[in-house]
Amino acid sequence: MNTTSVESVLAKVPEATMGFWLVKIAATTLGETAGDAVSMSLHLGYLAATGVFAALFAALVFAQMRATRFHPIVYWSTIIATTTVGTTLADFADRSLGIGYAGGTSLLLALLGASLLLWRRSTGSVAVGSVQSGKAEMFYWVTIMFSQTLGTALGDWSADTAGLGYQGAAVVFGAALAVVALLYWRTGASRTALFWAAFILTRPLGAVLGDFLDKPIASGGLELSRFAASAVLLGAMVIALRLLPQRAAAVAH
């Protein structure tokens with residue numbers, strides 16, 4: 001593959017800057033509130049809501065893969081789609097199918113691990129900067145979808161089954177992200193491993209933050225409107241993208 005074609009593929013992926021992580025956390029929190037708004041507030045149910053978001057996810061992945069350069073709106077719309085479908089899919093598996101939080105978390109962790117393993121065996125690397133083909137890009141989005149779904153189940157398990165509550169779970173996942181950041185700045189640990197660790201951890205953090213915003217006060221939440229919370233989070237993302245413009249990734253991260 002020549003240099004021009006490699007750069008055009010890499011230009012579709014944002015560099016993992018501080019702005020990237022702030023928007024990612026907002027997106028994962030939005031995925032929780034928006035997913036609950038459609039499945040619960042609109043009374044569509046988990047399965048129907050999953051179908052709606054899965055169709056949106058497929059359409060956005062198609063648009064993302066057809067793009068020839070990095071488009072922030074397309075990229076982050078696809079990320080939001082993965083968080084919403086992850087929210088409703090995990091809730092469907094955990095609650096409607098009766099797998100439970102622990103079972104759902106274990107299953108999704110295995111699927112995520114399998115996706116990363118197959119990706120590495122198929123292309124030789126799971127580094128974001130190595131996405132230089134349609135096959136690698138498809139693995140990229142499938143892995144992200146599994147990580148977002150896992151995050152929902154893990155967040156619910158931590159807050160409910162483990163008894164940490166929404167605020168306690170948020171502190172735990174926030175601390176874990178701080179450890180990953182410390183390893184990034186202070187050690188020579190694999191940047192690829194640290195990227196995926198941080199990417200995965202932001203989802204359960206967003207899940208418990210979203211639940212804290214919209215769950216009943218009696219359950220430890222603030223009982224805010226799911227639609228209002230989603231609108232505020234979407235607005236925050238737009239503002240962040242305006243104030244902290246993102247650039248296309250040029251190297252693996």
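Is H43 buried or exposed? H43 counts as exposed, because its relative accessibility is 69%, where exposed means over 50% relative accessible area, buried under 20% and partly exposed in between, with a 1.4 Å probe and protein chains only. The model is a predicted one, in which local features need pLDDT of at least 70 and side-chain atom pairs count only at pLDDT 80 or more, while totals for chains, interfaces and linings use all residues. Residues are numbered from 1 along each chain as its sequence is written, and side-chain values use heavy atoms, with hydrogens and water left out.

**Overall build**

- The chain holds 9 helices and 0 strands, where helices (H or I, at least four residues) and strands (E, at least two) are DSSP runs numbered from the N terminus.
- Read along the sequence, these elements give the pattern α-α-α-α-α-α-α-α-α.
- The radius of gyration is 17 Å, close to the 18 Å that the globule rule gives for 253 residues, so the chain is as compact as a globular protein of that length; the radius is taken over C-alpha atoms, and the rule is 2.2 Å times the number of residues to the power 0.38.
- The C-alpha trace spans about 60 × 40 × 35 Å along its principal axes, and buried residues make up 48% of the 253 residues.
- Among contacts with a separation of 6 or more, 77% come from residues 24 or more positions apart, a contact being heavy atoms within 4.5 Å.

**Nonpolar core**

- The largest nonpolar core has 55 residues, and Y140 and W196 are those with the most contacts inside it; such a core is a set of buried Ala, Val, Leu, Ile, Met, Phe, Trp, Tyr and Cys residues joined through side-chain atoms within 4.5 Å.
- Two or more residues of this core come from each of α2, α3, α4, α5 (100–123), α6 (134–161), α7 (165–186), α8 and α9, and α8 gives the most, with 10 residues.
- Leaving aside residues up to four places away in sequence, W196 touches W119, V126, V128, Y140, T143 and I144.

- T83 is found in helix α4 (residues 72–96) and is buried, with a relative accessible area of 0%.
- A polar atom of the T83 side chain lies 2.7 Å from the backbone oxygen of I80.
- Not counting residues up to four places away in sequence, T83 touches A27, T28, G31, Q148 and R203.
- T29 has its place in helix α2 and counts as buried at 4% relative accessibility.
- With residues up to four places away in sequence again left out, T29 touches G206, L209, G210, L213 and L233.
- From C-alpha to C-alpha, T29 and T83 are 8.3 Å apart in space, although 54 residues apart in sequence.

**Salt bridges**

- The structure holds 8 salt bridges, each defined as a side-chain nitrogen of Lys or Arg within 4 Å of a carboxyl oxygen of Asp or Glu.
- One of them joins the side chains of R247 and E15 (2.6 Å, N to O), and this pair links distant parts of the chain, since R247 is in the segment after α9 and E15 in the loop between α1 (3–10) and α2, 232 residues apart.
- E15 counts as partly exposed, at 28% relative accessibility.
- Another salt bridge joins D36 and K215 (3.1 Å, N to O), with D36 in helix α2 and K215 in the loop between α8 and α9, 179 residues apart.
- D36 is buried, with a relative accessible area of 1%, and K215 is buried at 11%.
- K215 also meets D214 in a salt bridge (3.5 Å, N to O), and D214 is buried, with a relative accessible area of 4%.
- Through shared partners, salt bridges join D36, D211, D214, K215 and R226 into one network.

**Backbone details**

- Most residues other than glycine have a negative phi.
- H43, in the loop between α2 (18–41) and α3 (46–66), has a positive phi near 60 degrees.
- E223, in the loop between α8 (191–214) and α9 (226–243), has a positive phi near 55 degrees.
- Just after α6, G163 takes a positive phi of about 75 degrees.

Methods:
A polar contact is a pair of N or O atoms within 3.5 Å; within protein, one must be able to donate a hydrogen and the other to accept it, and residues adjacent in sequence count only if both atoms are side-chain atoms.
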